[in-house]
Every structure is written in C-alpha cells, then in structure tokens.
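Dear colleague,

I am handing over a structure for your attention. Please look through it first; an account of what was found follows below.

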Amino acid sequence: MTTLLLLSCVFFRRDRQDAVELALDAADALYAQRTDSERLDEAIGAYVLILSDAPGDGRVLWRLSRAFTSRAEGIEGEDRRKELELARGYGLQCLAINPGFAARMDLNGGRITRNAARQLTVADAPCVEHTLYAWVRWAEGRGPAAAVDLPALEALSGRAVELNAGWVAPWSAAMVVLLRPGPVEQDLALSRQRLQTAILAAPQRATAHADLIRWQVVREGDLDLFTREVDGFAGTWPEASDGEWAYENVLARRRVESMRGSAQTLMYAAWSGDRPD
C-alpha cells in the first residue's frame with residue numbers, strides 16, 4: 001500500500017520533472033532490495049502500475065523484463081518457465097518500439113533476423129541486454145527444443161556485441177554456442193573466450209563465471225578442470241555476498257555448489273544433448 005501511495009503521489013508531480021522517471025526511481029529503489037523476495041514482488045507491482053500509466057514506454061518494459069527474470073532466477077520448475085516467458089515477452093515489446101526492427105520482423109513473419117537486429121541502435125541497448133538475458137535463461141529450460149530459438153538469439157547477441165551492450169553481449173554470444181544440441185559445430189574455444197570477456201566486463205557479478213563452469217567446462221569434459229573450477233569458484237565468491245549483485249551472486253554460488261559430485265553425469269548429459277541444470 002505504501003508503494004502504491006508513493007507512486008500515486010509521484011504521478012501528480014508532473015510540473016517538477018518527468019513523472020515516469022520519478023516513479024521509476026521509487027520502483028528501482030525496491031528492486032535494489034531484491035534479496036528480499038517481498039521487495040522484489042513490490043518492485044514488479046510498481047513497474048506494472050507505471051506501465052499502466054505509460055503504456056509502451058521502453059524504460060518500463062526493460063525493467064519489467066529484468067525484474068521478472070530476477071524473480072525467475074530464485075525459483076525452479078514450471079513457475080520459473082512462466083516468469084521467464086513474461087520477462088522475454090516484455091523484452092520483445094521493448095525491442096518492437098524501434099520501428100525499423102518491428103518492420104523487418106513483420107516482413108519476415110515475426111522472425112528476428114540479422115537484418116532486423118541491425119535496425120537496433122545504442123538507444124535500444126537496455127532492451128537488447130535484458131531481452132537476451134531472459135531469452136537465454138528461458139531457452140536453457142527447453143532442452144533440444146531450444147534449437148528453434150538459436151537463430152534469433154544469434155542475431156540479437158551479434159548486434160548486442162556491436163552495440164557493446166554490457167557483459168550480457170559476450171555472455172549471450174557464448175551461450176548461443178553452448179546451447180546447441182550435442183557437440184557438433186561447437187566452437188568451444190570461441191565460447192570460452194566470450195565468457196572470459198563477460199567475466200571481465202562485470203567483475204563484481206558471478207553469473208558469467210558460474211556459466212563458464214555449468215556450461216563451458218561441462219562441455220569440455222575435463223573432470224579435473226571441473227573440480228578445480230568448482231573449488232576456485234567457492235573461493236572467489238564467498239557464501240555471504242553484498243553489493244549491487246548480492247542476489248545474483250548467491251544464486252550463482254548455489255547453482256555451482258549443487259553440481260559437486262555429479263561431474264560425470266553432467267558431462268554425459270551435456271554431450272548427449274541434455275541440459276546441465
């Protein structure tokens with residue numbers, strides 16, 4: 001209720017500065033406390049309320065994509081899939097604000113092609129970044145069916161790299177390689193290089209490092225390296241985490257720790273086309 005009252009007051013202050021920006025500041029303050037699931041829920045509610053007052057506003061849409069992905073990261077199963085589906089949907093709405101991108105999609109029957117992705121500009125970078133992150137996480141849970149998503153993800157990740165859209169750009173380009181079913185056509189040297197670039201681009205966030213172990217090392221099939229990497233990860237990212245990425249770092253550590261003792265099973269599953277979750 002307090003959040004709703006605050007946002008309602010903000011929308012009456014149009015004479016002082018952009019009401020949407022003011023409301024987003026309040027919602028962002030809630031999102032910054034996302035280690036508390038109630039605050040994350042409140043942030044999502046706030047963003048939805050703002051969107052109702054400013055439909056089609058890209059600043060709200062990419063934040064909704066980000067927030068639903070964050071909530072999905074903390075859960076499993078069908079609920080996770082549904083949250084990621086919402087996150088992906090808001091991200092795609094954000095991308096479609098760009099008229100050139102939307103027109104190219106219409107010309108290609110709703111498909112995202114390289115020509116469509118080339119229409120995206122630096123102004124679209126937040127939409128690109130959060131759509132890619134949500135979509136890759138969603139594709140992770142689809143098993144071999146994720147193959148149908150890879151052309152679009154490859155086009156978007158390629159454009160993200162060109163736009164220098166944060167750490168997600170090299171990370172998503174690596175994940176496109178690693179999500180391909182089976183070992184055929186995989187360029188593991190390239191995906192490793194891209195993940196290392198992502199790690200360097202966001203040194204305070206554990207996500208890319210965790211995926212290097214969960215996907216890259218598992219695909220490479222080196223048991224000794226796997227053990228060293230898991231042990232090294234625990235030392236690099238302590239259980240108690242604070243700072244901007246505390247929520248994501250705790251979840252990354254939890255995922256890596258859950259892999260202990262199951263390296264051989266994971267590697268067999270990866271090379272047979274299953275996901276290393």
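**Core and salt bridges**

In this predicted model, the largest nonpolar core holds 82 residues, and Tyr47 and Trp171 touch the most other members. Helix H8 (residues 125-140) supplies the largest share of this core, 10 residues. Leaving aside neighbours within four places in sequence, Tyr47 is in contact with Leu24, Ala27, Asp28, Tyr31, Val60, Arg63, Leu64, Arg66 and Ala67.

The second topic is charge pairing. Side chains of opposite charge can pair when their charged atoms come close. The count of salt bridges comes to 25, and three of them are described here.

In helix H5 (residues 77-95), Glu78 and Arg81 lie three residues apart, about one turn of the helix. Their side chains form a salt bridge, with 2.7 Å from N to O. Glu78 is partly exposed at a relative accessible area of 42%, and Arg81 is partly exposed at 37%.

Arg80 forms a salt bridge with Glu73, and the closest N and O atoms are 3.4 Å apart. Arg80 counts as buried because its relative accessibility, 10%, is under 20%. Glu73 is buried as well, with a relative accessible area of 13%.

Helix H12 (residues 207-220) contains both Asp211 and Arg214, which are three residues apart, about one turn of the helix. The side chains of Arg214 and Asp211 meet in a salt bridge of 2.6 Å, N to O, and both residues are buried. Through shared partners, salt bridges join Glu73, Arg80, Arg137, Glu140, Asp211 and Arg214 into one network.

With kind regards

Methods. Residues are numbered from 1 along each chain as its sequence is written. This is a predicted model: local features need pLDDT of at least 70, side-chain atom pairs count only at pLDDT 80 or more; totals for chains, interfaces and linings use all residues. Side-chain values use heavy atoms; hydrogens and water are left out. A nonpolar core is a set of buried Ala, Val, Leu, Ile, Met, Phe, Trp, Tyr and Cys residues joined through side-chain atoms within 4.5 Å. Buried means under 20% relative accessible area, exposed over 50%, partly exposed in between (1.4 Å probe, protein chains only). Helices (H or I, at least four residues) and strands (E, at least two) are DSSP runs, numbered from the N terminus. Contact means heavy atoms within 4.5 Å. A salt bridge is a side-chain nitrogen of Lys or Arg within 4 Å of a carboxyl oxygen of Asp or Glu.
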